[in-house]
There are 2 protein chains.
Amino acid sequence: MRFLRAHAALTRELSSRLEAVHELTLSDFDVLVQLYYAEGQRMRRIDLARSVLLTASGITRLLDGLEAGGLVAKERCDSDARVTYAVLTKAGERKIEEARESHLADIEELFGSQFSPQERDQLADLLGRLPLAHTAEPCSA
Amino acid sequence: MRFLRAHAALTRELSSRLEAVHELTLSDFDVLVQLYYAEGQRMRRIDLARSVLLTASGITRLLDGLEAGGLVAKERCDSDARVTYAVLTKAGERKIEEARESHLADIEELFGSQFSPQERDQLADLLGRLPLAHTAEPCSA
DNA sequence: CTTCTATACTTGAGGTCGCAAGGATCATAG
DNA sequence: CTATGATCCTTGCGACCTCAAGTATAGAAG
């Protein structure tokens, strides 16, 4: 129960702040961060989908939006014509660097301020043990 | 990050199981449980909304569905014509008692099995400290 | 080469939810 | 009594996401 409640409350707050300041969804931000830390700042759409826990169709539509905003671009793959890469553009890079700052501050305020460093580790450990929560975490947020 | 991932994965799994077996959304279930434990098995719609962290409009539409299914009923309030109560019907009571059983088993499997009793308390404590997570918890799930 | 299966992606339809606006009712103050 | 403001609820609209189905490509087997 607490888990669900906490999530609903936190994501609503974080999402609305992110949206108000940067015009980004939490999912948008999530995708941009993944790309930011990816090698060559590019990823296959399918891997992107898995790492942010969306379906393939979800990623298609989300990237449509980010492409329209010029934050990411498509790129074909030479060795396999089925795959399309999503690449972070310069604008996208700037965007995520801006947004990351305020987003981390928001997280710190809503989340981090409640816990001691030790408790944070504990929480991370406990949450990390949950099934299916292991998709990709080459990221510091 | 882990928090968001864990939530996405868990709710998808729990929700699809609940839907497959009982044709209930996680939110539906949540509302039914709230009513089940409420005094007289009835609540004002607005309080229901706050306790499950939905907006008023969300509750209206969700209850439309549950009413259509005969699980809850509307009831006018004599002392204040603005408010409408949502009351659990007999069918709703049966439904929630059935669903609760399998849902708790699912939770146990996905969630509880990862932790010792002590760790559960720890996790509950940590999550409970998050802001806005304090809405209503007269419930054992 | 052809066929069969698996994978990557897109699209159409449908569900859930929030926001903003509007209607009804209540409470309070003049 | 009337005006004002607050509260409860509903509705139109749009955002986001999933599922199912369809297209295109790849790889392996006959």
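Start by selecting E1(A) and strand E3 (residues 84-88) of chain A: the two run antiparallel and are joined by three bridges. Two strands count as paired if DSSP finds at least two bridges between them.

Before you go on, some housekeeping: this is a predicted model, where local features need pLDDT of at least 70 and side-chain atom pairs count only at pLDDT 80 or more, while totals for chains, interfaces and linings use all residues. Residues are numbered from 1 along each chain as its sequence is written, and chains are lettered from A and ligands numbered from 1 in the order in which they are written.

**Stop 1: the sheet of chain A**

Zoom in on the bridges. Arg44(A) sits opposite Tyr85(A) in E3(A), and Arg42(A) faces Val87(A), also in E3(A).

Show the whole thing and you have an open sheet of three strands, ordered E1-E3-E2 with antiparallel pairing. Its edge strands are E1 (42-44) and E2 (72-76) of chain A, each pairing on one side only. Neighbouring strands are turned by 30° against each other on average, direction ignored. While you have side chains on display, a handy rule: in a regular strand they alternate between the two faces of the sheet.

**Stop 2: helices across that sheet**

Which strands does H3(A) lie across? Select E1 and E3 of chain A to see them; the helix runs at about 90° to E1(A). H4(A) lies across E2 and E3 of chain A instead, running at about 115° to E2(A). Axes are lines fitted to C-alpha atoms, for helices over the stretch in contact, and angles run from 0 to 180 degrees between N-to-C directions. Contact between residues means C-beta atoms, placed from the backbone, within 7 Å.

**Stop 3: over to chain B**

Select the three strands of chain B: they form an open sheet in the order E1-E3-E2, with antiparallel pairing. E1 (42-44) and E2 (72-76) of chain B stand at the edges with a single partner strand each, so one side of each has no neighbour in the sheet. The twist averages 30° from one strand to the next. E1(B) pairs with strand E3 (residues 84-88) of chain B over three bridges, antiparallel, and Arg42(B) stands opposite Val87(B) in E3(B). H4(B) lies across E2 and E3 of chain B, at about 115° to E2(B).

Next, colour helix H3 (residues 45-52) of chain B and H4(B). Their axes come within 9 Å and cross at roughly 105°. That makes H3(B) roughly perpendicular to H4(B), a label for angles of 65 to 115 degrees (under 35 is roughly parallel, over 145 roughly antiparallel, the rest oblique). On the H3(B) side, pick Arg45(B), Ile46(B), Leu48(B) and Ala49(B); they meet Ala56(B), Gly58(B), Ile59(B) and Leu63(B) in H4(B). By class, this contact has six nonpolar, one polar and one charged residues. Nonpolar covers Ala, Val, Leu, Ile, Met, Phe, Trp, Tyr, Cys and Pro; charged covers Asp, Glu, Lys and Arg; the others, Gly among them, are polar.

**Stop 4: the DNA strands**

Of the 22 residues around it, Ile46(A), Ser57(A), Ser57(B), Gly58(B) and Ala81(B) come nearest. A residue is near a strand if its C-beta atom, placed from the backbone, lies within 6 Å of it. Which helix supplies the largest share of this surface? Select H4(B), which gives five residues.

The residues near DNA strand D divide into six nonpolar, 10 polar and six charged.

**Stop 5: a buried leucine**

Finish at Leu123(B), in helix H6 (residues 117-128) of chain B. Is Leu123(B) buried or exposed? Leu123(B) is buried, with 22 other C-beta atoms within 10 Å; the cut-offs are 20 or more for buried, 12 or fewer for exposed and partly exposed in between, with C-beta atoms placed from the backbone. Leaving aside residues up to four places away in sequence, Leu123(B) touches Leu126(A) and Phe115(B).

Conventions. Helix = DSSP H or I, 4+ residues; strand = E, 2+ residues; numbered from the N terminus. Contact = placed C-beta atoms within 7 Å.
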